[in-house]
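Good morning, colleagues. Please turn to the structure now being displayed, which I shall describe from the whole chain down to a single residue.

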Amino acid sequence: MSASTSSRPADALRDGDSKHAAPTSKAAQKVGGVAGWIDDRTGAAGGVNYLLKKVFPDHWSFMLGEIAMYSMIVCLLSGVFLTFWFVPSAGEVVYHGSFAPLQGVKMSEAYQSTLDISFDIRGGLVIRQIHHWAALMFTVAVSAHMFRVFFTGAFRKPRELNWVIGCILSMLAIVEGFAGYSLPDDLLSGTGLRAAEGFMQSAPVVGSYLAYLVFDGPFPGEAIIPRLYSVHVLLLPAILIGLFTAHIVLVAVQKHTQFPGPGKTNDNVVGYPVMPVYAAKAGGFFFIVFGVISLMAALIQINPIWGYGPYDPSPVTAGSQPDWYMGFADGALRITPNWLEFTALGYTVSLNIALGALGLIPVFYGVAIAYPFVEGWIKGDKGEHHLLDRPRNVPVRTALGVAALTYYFIFMFAAGNDIIAIKLGMSINDITHFFQATLFFLPMLMFWITKRICLSLQRHDRDLVLHGRESGTIIRTADGKFFERHEDLDPYTRWPLVQQDPVHPIQLESGVDANGVARKGARKERLRAKLSNFYFRDAVNPVTPAELAAAHVGPGHEAIDAEPPTHEIEPDKVDGRMGIDAVHDDSHEFGSSTH
Amino acid sequence: MSEHDTPDTAVVPADDFGHGAVRLDEGHVIGTGGLPDRFENPGLPPHQPRMSDLTEAGAKRAEKQVAALFSVSILGTLVFLVSYFAIARDTYVFIPGIGDVDLSNVVLGTSLGAALLGIGLGAVHWAKTLMPDHESVEMRHTMRSSEERRQGFVDTLRAGGETSQLTRRPLIKVTLGAAMGLFALPLLVQLVGGLGRLPKNELSLTYWSGEVGPDGKPHFKPLRLARDPEGTPIKAEDVTIGSVFHVQPDGLLPDPTSDEPELRAGLESGILEAKSKAAVLLMRLNPSDIKSQKEKDWGYDGIVAYSKICTHVGCPVGLYEQQTHHLLCPCHQSTFDVTDDCKVIFGPAKRPLPQLKITVDDEGYLIATQPFREAVGPSFWERGQ
C-alpha cells in the first residue's frame with residue numbers, strides 16, 4: 001500500500017512507521033502485524049499513538065486519585081466473584097454449614113451464603129475481605145483525593161465540572177458502601193438498616209409512605225435485601241462507572257494540572273510520557289494497590305459477620321458502629337438535641353432525626369459542589385488555571401477547607417462517643433456535650449489557626465527569598481562580631497516561592513453612577529467586595545525582583561522585613577556576650593537597624 | 001511590588017502589622033532601577049543523571065532488582081496455587097500479635113499480595129531506574145474552541161431548527177415539549193406504585209394489639225409475656241428485683257426445638273416484622289423507687305414492661321444499668337429513666353418509651369391487659385393522629 005492511494009492520516013502514519021522503523025525482529029513484526037490488522041479496521045493508530053505520547057506530571061499527591069481508581073477496580077473485580085456465591089434473599093433457612101457455633105440456627109439465605117463464602121469456599125474469605133478493604137480504601141482515597149483537589153485549587157476553571165462529577169462520585173461511593181455492608185443481613189448491618197428505616201420515617205409528611213415503599217411494607221420485610229442488591233451491583237456501579245469514565249476523559253482532555261516549579265507554566269505540562277514511563281508506573285501502581293489490599297485481607301480481619309449472628313430485631317450489640325464513611329452522618333444524629341422534635345397541628349416533626357440523617361449529606365455535598373463557582377465569582381476570575389496553588393498561598397480557602405473538615409471530623413468522632421467513653425473511662429454525657437460545644441467554636445478556631453499558619457508560611461517564603469538560606473557558616477568580623485552568612489537561593493529553588501500572582505481585594509466602586517443614580521447590581525457588587533476583602537485583605541504577596549534588589553543594598557538603607565520584627569533575634573538578648581546577627585552575604589546587617 | 005503595575009492595585013493598610021519598619025509590599029519602593037515586576041521562570045533545572053545512567057554496573061544492578069521483584073511475584077503465584085489445594089479449610093494457627101487465624105486465608109491472601117506487589121514494585125522500580133527520566137513538555141491549548149467553530153456550532157443548531165421547521169411551527173414545538181415532559185410518568189408511576197404498599201395504621205399496631213379482623217380493627221386478647229428467644233411464659237415471682245427480661249408476646253416466637261422454617265398464621269407479615277415492633281423489656285424495681293404513679297399502676301408490684309424499640313430511630317434499647325435504672329440505646333445513646341416512666345434523660349430521642357400495661361393471670365403468669373396506647377418505635381409524621 002502506498003500513501004498516494006489514500007489521504008487518511010492513519011495510512012500515512014502506518015506507511016511512515018514501516019519506512020522509518022522497520023521491525024527488526026520476528027516478534028516486533030508480529031506486533032506490528034496485529035496493530036496493523038486492528039488499524040486497518042479502526043484507524044486507531046493515530047489516536048492511540050497520541051495517547052501513548054501524552055505527558056503526565058509527577059507528584060505524590062496525584063497518586064491519591066489513582067488509588068481511588070484502582071481500589072474501585074478491585075471492588076468491581078472482587079464483587080463479581082462474590083456474586084457467584086452470594087444469595088440476595090431474606091428467605092429463611094436453617095444453617096448446616098461448617099461454622100459450628102451457628103449450627104441449626106435460623107437465618108436468611110443472604111446471611112447463610114455469606115457464611116458459606118467465609119467458611120466453605122476456598123479463598124472465599126480472602127475475596128470477601130479484599131472486597132470490603134477495597135471499598136474502605138476507595139472511600140478513603142476518594143476523600144483524600146478530594147482534599148488534594150480542594151486545597152490546591154485544582155477545581156478552578158476549566159475543571160469545575162470535573163469537581164462536580166467528583167463530588168457526586170464521592171457521595172455515591174458512600175451510598176454504595178452502605179448498600180454493600182447492609183447485604184449480609186447480620187445483626188450489625190440489620191441494626192443499620194433498622195436505623196435507616198427510622199431515618200426514612202422521619203421525613204416530614206411522606207416518611208411512613210417512603211419507608212413502606214422502600215421496604216415493601218413493615219421493617220424488615222423480605223424485599224430490602226434483593227432491592228439493595230440490585231442497587232449495589234447494578235444501578236450504582238453503572239452510574240459510578242459512567243461518571244468515573246467522564247471524570248477520567250475530562251482529565252485527559254483538559255490535561256492534568258501541575259504544581260508550580262521551574263520550567264512549568266500555565267501553558268505547558270512537564271512530566272513523562274505514558275509510553276513507557278506511566279505505562280509502567282501507573283500500571284505497576286495498580287498491582288501495588290491490589291497487592292496491599294490483598295495483604296490487608298490476609299492479615300486484618302474486617303466485618304466478621306459470623307461473630308454478630310443473623311439479624312433479629314430484638315437483640316443488639318453494644319458499640320454498634322457504621323463503616324467509617326457513614327460515621328459523620330451517624331455522629332450528627334448522636335449530637336442533635338432532642339428538642340428538635342415537636343408536634344404541630346397534631347403532626348410529628350422529627351427534625352432531631354431528619355436534619356442529620358436526611359439533610360446532612362445533601363447539604364455537605366451541596367456546599368462542596370457550589371464552592372468553585374462561589375470562589376470564582378468572588379475573585380471575578382475568568383481565566384484558565386492549570387498551575388496548582390500551594391495551599392499556603394490561598395490562606396482563606398485553605399482555612400475554610402480546614403474549618404469544613406473540622407465540622408466533618410467533629411461529626412465523625414461524635415459517632416464514636418460510646419467507644420471513647422468506654423476506652424477513656426469518661427462520661428458519655430460529657431463527651432456528647434463536648435462535641436456539641438465544639439461545633440460552635442472549633443471550626444472557627446481552626447479557621448483562624450490555619451489562616452495564621454498559612455500567612456506565616458508565606459512570610460517565611462518571603463524571608464527565605466529576601467535573605468537567603470542559612471549557610472551554617474559563622475563569620476567573625478574584625479571588631480569581634482559574629483554572624484551567620486546567608487546564601488541567595490538559586491533561581492530554581494527561588495521560583496516556586498515567587499511564582500504566584502499577587503492578589504488584592506477588589507475595590508468597591510461607587511454604588512451610584514456618574515449621574516448619581518443607583519447602579520444596577522450595586523448591592524451584589526458590595527457583597528462581592530466584602531467577600532473579596534475577607535479573602536484577600538491580608539494577602540502576603542510574593543517577593544518582586546525590586547524587593548530582592550533592595551534587600552541586597554548595604555547598611556544605612558531601609559530594612560526589609562519579611563514578617564513582623566518580633567521574629568528577629570536581638571543581639572543583646574542572646575546571652576549578653578555574643579551578638580549574632582542574621583546578615584546577608586553582602587554584609588548588609590538587617591535586624592540591628594530595625595531596633 | 002510597585003505601585004504602577006496594575007491600576008487595580010490596592011495598598012495593604014500599614015497598621016495591619018503594627019510595627020515601625022516599612023515593608024516593600026506596603027507600597028513604598030525606592031530604586032526599582034528598571035527591574036521587572038516579576039521574577040522570570042528560570043526554565044527546567046539541569047538534569048540529574050541516575051546511577052543507572054552513569055555506569056553499566058548501576059544499570060545491571062537495577063535490572064537484577066527488577067528481575068528479583070518479578071521473581072517474587074512468580075513465587076507468590078506458585079505458593080498460592082500450592083496452598084489452595086494443600087491447606088485444609090478449617091486449619092487455624094496462632095500468629096503472635098494477631099491471634100488465632102484461618103491459615104488458608106492468611107497464606108492465600110499473603111501469596112496473592114506478593115504476586116501482585118512483585119509485579120507492581122518491579123514495574124515501578126524499572127520505570128524509576130531504567131526508563132528515560134528526561135522530562136517531556138507538552139503544550140496546552142485553551143479549552144475554548146475558536147470563534148469560527150463556536151459560530152459553526154451555533155449555525156448548525158439554528159439551521160437544524162429552521163430546516164426541520166421547528167422554529168416556524170409552534171404547535172409541534174409545544175406538543176413535543178409536553179410529550180417529552182410526560183413520557184417518563186408511566187414508568188415512574190409503575191415503579192413507585194409497585195414498590196410497596198400503604199402503611200395504613202400498621203405502624204401504630206403491634207402483635208399485642210391482637211389479630212386484625214375483617215373490619216380492619218384489631219381485636220385485643222390478653223397475651224402472656226414470653227421470654228425472648230425461648231418463648232416460655234414468665235411468672236411474676238421469677239422476676240427478681242434488679243433483673244431484666246427480654247420479652248415477646250406469647251405465641252409469636254417459633255418453637256425453638258423445631259428445625260423447620262415456619263411462618264406464623266394470622267400475621268400481616270412475617271415473624272421478624274412482628275418482633276421488631278412487639279419487643280418489650282421487663283424489669284422489676286423496688287416499688288418505692290418508682291416516681292410515676294401511672295408507671296406503678298400499669299405495672300405489677302414493681303414489675304414494669306416497656307417497649308424495647310427506641311423512639312429515636314428504632315434500635316433495640318438493649319443496655320440496662322441496674323444501679324441507676326437507666327436504659328441506654330447502643331445506637332445513638334439515648335438514655336431513658338425507668339424509675340420515671342422511661343422519660344428521656346439524655347440523647348437525641350424525644351419521647352419516652354411506651355409502657356405496656358401488665359398484670360398476672362390466675363396461674364401467676366404476667367399478661368398484658370391492654371395493647372400499647374401509642375405507636376412504638378421511631379417517630380413519623382402522622383403518629384399523633
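Chain A has an accessible surface of about 26,800 Å², and carbon and sulfur atoms hold 67% of that area; areas come from the Shrake-Rupley method with a 1.4 Å probe, and for residues only the protein chains shown count as cover. This is a predicted model, in which local features need pLDDT of at least 70 and side-chain atom pairs count only at pLDDT 80 or more, while totals for chains, interfaces and linings use all residues. Residues are numbered from 1 along each chain as its sequence is written, chains are lettered from A and ligands numbered from 1 in the order in which they are written, and side-chain values use heavy atoms, with hydrogens and water left out.

Of the 595 residues in chain A, 52% are buried, that is, under 20% relative accessible area. The chain contains 21 helices and 9 strands, taken as DSSP runs (H or I, at least four residues; E, at least two) and numbered from the N terminus.

I turn to one helix pair. Helix 15 (residues 395-414) and helix 17 (residues 428-467) of chain A have axes that come within 8 Å and cross at roughly 150°, the axes being lines fitted to C-alpha atoms over the stretch in contact, with angles from 0 to 180 degrees between N-to-C directions. Helix 15 of chain A is therefore roughly antiparallel to helix 17 of chain A, a term for angles over 145 degrees.

Finally, A:Asp461 lies in helix 17 of chain A. A:Asp461 is buried, at 5% relative accessible area. Beyond neighbours within four places in sequence, A:Asp461 contacts A:Arg390, A:Arg392 and A:Leu497, with heavy atoms within 4.5 Å.

Note on methods: Parallel < 35°, antiparallel > 145°, perpendicular 65-115°, else oblique. Buried < 20%, exposed > 50% of the residue type's maximum accessible area, 1.4 Å probe, protein only.
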